[in-house]
Amino acid sequence: MSITKKQKRQRRGEFSGAVYSIIIYSILYIPVFVMMMFSFNNQRYNYYWNGFTTMWYSKLFSNSALTESLWYSVVIAVLATVISVTIGTIGALGLKKYEFRGKKFINEMLYIPIIVPEIVMAVALLIIFIKTGLALGMGSILIGHCTFCIPYAVVTIRGRISGDDYTLEEASMDLGANRIQTFINVTLPGIMPGVMSAAFLSFTLSIDDVVMSNMLAGAKNSTLPVLILSMNKSGVTPDVNALTTIMILIIVIAMILNNLIKNALKKRKKNGGSNMKKLISIVLTLVLIVGLFTGCGGTNTGSGESGKAAQSTELNIYMWQQYISDDLIANFEEENNAKVNLSYMSDNADAITKLTAGGGQEYDLIMTCDAYMESLVDGGYIEKINFDNVPNASNINESYWTAKEYCVPYLMNYIYVVYNKDTSPIEIKSYNDLINPALKGHIATIDGARNLFPIALVALGYDPNSTNESEIAEAYEWLVKYNDNVVAYGNAEQNLTNGTASVAFTYDGNASWAMSELGDKNNLVIADFEKDPVQLGFDLYVIPKGAKHVDLAEKFLNYITEPKVMAANLVEYPYSCPNDVAVEAASDDYKNDPARDFAYKENVFFQKDVGEAIIIYNDYYQKLKVGE
Amino acid sequence: MSDSIVSLIGVEKSFGKNKVVKNMNVEIKEGEFLTLLGPSGCGKTTTLRMIAGFEEVSSGTIKVQGESVADKEPYERDVNTVFQNYALFPHMTVFDNIAYGLKIRKRPKTEIIKRVNEMLDLVQLKGYEKRKPDALSGGQKQRVAIARALINNPKVLLLDEPLGALDLKLRKQMQIELKRLQKKLGITFIYVTHDQEEALTMSDRIAVMNDGVIEQLAVPREIYDRPLTRFVAGFIGESNIFDGKVKGVRDGIIDVETSAGTMEVKGNGFEVGEDIHISVRPENINVSDDSVKGFNLKGKIKDYIYMGTFVKTSVDLKDNTEIKYSRFEKDENFKEGDSVNIYWNPERAVAIKVKR
Amino acid sequence: MKKNTFKRNTLPALAMAGPVSLWMILFVTLPMLYIIFISFMSRGVFGDVVYEFSLESYKTLLGSTYFKVIIKSMRAAFITTVLCILIGYPFAYYIAKKPKEVAAKLIMLIMIPFWTNSLMRLNSWLLLFQTSGPVNNFLQNAGFIDVPINFVYTDGLVMLGMITNMLPFAVLPMYSSIEKLSKSLLEASADLGASRGTTFFNITLPLTFPGIFSSIILVFIPTLGIYTVTDMLGGGKILYIGNIIKNQFGAIRNWPLGAALSVLLIVITGLLIFIYTRFAKIEDMEVL
């Protein structure tokens, strides 16, 4: 039979619909494929493609931190899904059927987590938890996740049951089943598709959540997204890509298995696939996935405290990612028969927020920078350190040490300017060169009010730690011009190496990495400042008030200030170090690092706490970012 | 002679391997009320939808007013449909629903208002203009659906079981109203239903359908009195059907031998030894104490149900077949358990050919 | 007798609606009240909340700098939302016309990329579009351009990242709404003479509008409140309201202002919903 016009038109419609959908799916999946590809990237941080390797996959199996956090994420996601879908399902049914005072109110409350920005909910919950003394950890994260999953579950199920009536339930009860039996045998199977959708949605929301998990995390474990977020400062290592690739493979295999199981069950009993069977097949698949994960080496974390022992067996540290050697930690654990729990901040502000909210006692050691020390001390947020327990601290160069009683410096950073001598339009010899219009769109810079304003102040001839409002205002104007030349804030060395920028205002440690990455093709030079000083910033360890394992904390501080320990650390993380003795003992490569080879190392300034003026800085900083 | 306004020529429809309409040929006359009658799954709704344009024919041709509609979309056909579930647009008022067809054709506002009011009068819904469908009763919705379909002055109106959702009294009332409307407007109605009483009441002609084919197409009286096939006989009205073999033929009377006994029926075109069905309506059955010539049907009265004007009585025959007959006041002397002889006027029974 | 009614009526109601109500009150209402409360408080030097009443936060909000950002963010969010709806509707339509089994699989296919990490996916866009990345390389090799185009850290890339993140939330409610649309309504419209286009505008669109509206809510507001996308793809130069709020609780340390901004967002949403329910007289966003 010949094809009618109508059929032709239908086919065309189907064809264009299919093509359109494929385009959409492609756009959604392109990032996934790129991400999978870069798991084979032969580069320490995923900045650009640098050749093929499979080393990250083997590294994965030895890096338990990653797989542990994935396991942690999955466990939380599963639990959150179960709780949310349960509460959400019976809630949706109950809200539909029963009238009660305040029903409208609850309905409106349900929409709040959906529409209020997560950061707001997260901070609010954080405060509530701290004020009520709830320990942060899996429980708090779980509560946070459920709080936004439950509304989505309710709304999904409501959409499913909106037209239904109660005749089936009535028939069931008429035949002798009580309410619970009716629910299990009649109601639940009927709404199963809705329940499945809700579960799917909840799981997706939970496993990808960053904001809530970051805010409400405890000291011991991070979920995978939070771990990745904390890598943002240094750069994401491809082993994360490898892990995610494996995850996708597992999901694909699971889906295929699920289909096979469903079909097998269907053949056993010929009456089609009932929803109960779907449930069984999914549960089986989940069990398989869990089994696979356990096999992959995710040991269950969540070791509790074994009561108050005479000596602590646990140490909780909150610091930057990619900033301390795994071997160093492992050795410490062995020597002291203790477990070290590292959690990572993505921003200095994270630590400050937690401290301000009163959550400091979750940790035994927190990393901060010298600019905050005065406020931290004055605010009573940190403990004095008993230096009788930290004799190695004497190895640290005194002149680099402010607020001596309360902190131990770890590493330090020169914050200076490097540029690509081949692609940069001009030579740079002072800060004022940075506002030269020739550099428009050429500068990659680190962020932060206390990094940016000082260089502006210096360029204008003022004290970099000025508290004078009119000076700060002038600095703001300078920064506006600087901002015009900036192509991006953050990840300066990444943009320097991949060609997006030709000038970078960044840390010497990161510049060191960039230079070594470029290897023979290194054409980066440190700006040869004639008289402008550069900021020397310090990352310090402090002990927050209320820390539970002060003894171990002090032992740790003593350990990392031991010269040979720090020297070994510097091999992996070649940042500048205030521990002179350790620097002496360091490798030649370290001592000859080109990133630290500049003439004006003595011409530095330190960040000082500016007290109340921080508000002025912040306001102008906000103005700068917001732009006119 | 009125022309055929709709013709189905060799129309077939399959869904996958399932042939739902098989080689349908029918000429529908202009101005007639034709009903497609049959049980669920017989293909009547599918046929209707093919005429409307919502289903494509698998083979064959449909012509409306002499022109094939093969390439025409539903909105290009001069045919309108009243849907089973009314399909009123929930976001529009009664007025807007009815006006829809004219608005689409971009008729001037004054004309629309005039015509809609005419329609509202016609279906007696004046005053309901501003209501939304969810504020209407079933019967009212149905009338809006009819008004909406009629406003375009279609040549043919297709009605897909429009009265199914109404209660009995309302249904009967609407049947009469629809019939009157059809006569008044002179539009061809093609009506689909499974309710044979409805079909008998309203139709000019009935096409009885079963399993994708039309078993009989005739005026109601013909369908009722002289069913052509066993199915039609069983489907229309109450019927007692016997299966048997022709024993003898004489002068237009056929003697038949069945497992229940022997009987007579008026008929032609049968040979001795041929298989045959006999259909007898309950109201045409008589009982007597004595045996009657030409019949040998004995039975026991089983039970009876009081139906108002008559009493429906069941009788078990000797081979355990149960037949029903309508007993009137005069037969009251027979009661349960009595043995009776069954007989009838051969002219009141129908001889039906057995399908190969 | 009284015990019986308790068992029959109150107990089931309590058992079913109780947990969700309790959860909402404990973990939503109370925190929200606290947020509203501190929006009217003053800020301490160190960023903590000083419990003195002050309207400072709201005054700052309405001051020129923040107001401009708010408007800019809303404009960008609006464009993102419109694009998501325009791109997503045909997609949702296509899926809704498929049989339920197939549609379920197609929907699942949309969600699976979200099981990989969103930060990684955003990073992928950077890797693709950076100056030395594959896109620029391809364009240069194919001769379309001479000098690499600066895609990264632009509004365009941020919008791309936003759309890819938000698309499922746009598609799902619209799909749900389109799927519910009774086929007979479309047939009735065609039957009455409307072409496919006319049917779409007169019947399909109005009747699927609840779904579109849910999509708008689910895309517009979160777009304002997200900060990860702008952080990663905006290079710190592009800020939406979400970034600003996050900064208040972070680097800037002005919690009352952050709270006030959050209150503002809630008010905007409430207004949107109010306008819609008034306008369209739909009781509950049932189609979500």
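Here is a short walk through the structure, from its overall scores to the place where two chains meet.

Keep in mind that you're looking at a predicted model. Taken as a whole, the model scores ipTM 0.83 and pTM 0.77. For chain C, the mean pLDDT is 82, and 91% of the residues get to 70 or more. Watch out for residues 282-288 of chain C, though: the pLDDT there is below 50, and this stretch has 17 contacts in the model beyond near neighbours in sequence.

Now let's turn to chain A. Its parts are domain 1 (1-40), domain 2 (66-295), domain 3 (314-411 + 541-568) and domain 4 (412-538 + 590-626). If you take the centres of domain 2 and domain 4 of chain A over C-alpha atoms, 46 Å lie between them.

Staying in chain A, find helix α3 (residues 64-97) and helix α6 (residues 138-161), whose axes come within 7 Å and cross at roughly 40°. Because of that angle, α3(A) counts as oblique to α6(A). The crossing of the two helices, α3(A) and α6(A), is right-handed. What classes of residue does the contact of α3(A) with α6(A) have? There are 18 nonpolar, five polar and two charged residues in it.

Last stop: the contact between chains C and A, which takes 80 residues from chain C and 92 residues from chain A. On the chain C side, the elements that give two or more residues include α1 (2-39), α3 (64-96) and α13 (255-280) of chain C. The largest share of that side, 17 residues, comes from α1(C). Sorted by class, the side of chain C that touches chain A has 50 nonpolar, 23 polar and seven charged residues.

Technical notes: Residues are numbered from 1 along each chain as its sequence is written. Chains are lettered from A and ligands numbered from 1 in the order in which they are written. This is a predicted model: local features need pLDDT of at least 70, side-chain atom pairs count only at pLDDT 80 or more; totals for chains, interfaces and linings use all residues. pLDDT is the predictor's confidence in each residue, from 0 to 100. Two residues are in contact if their C-beta atoms, placed from the backbone, lie within 7 Å. Axes are lines fitted to C-alpha atoms, for helices over the stretch in contact, and angles run from 0 to 180 degrees between N-to-C directions. Helices (H or I, at least four residues) and strands (E, at least two) are DSSP runs, numbered from the N terminus. Angles under 35 degrees count as roughly parallel, over 145 as roughly antiparallel, 65 to 115 as roughly perpendicular and the rest as oblique. A crossing is left-handed if the near helix is turned anticlockwise from the far one by less than a right angle, and right-handed if clockwise. Ala, Val, Leu, Ile, Met, Phe, Trp, Tyr, Cys and Pro count as nonpolar, Asp, Glu, Lys and Arg as charged, and the others, Gly among them, as polar. Domain bounds come from an automatic or database domain assignment.
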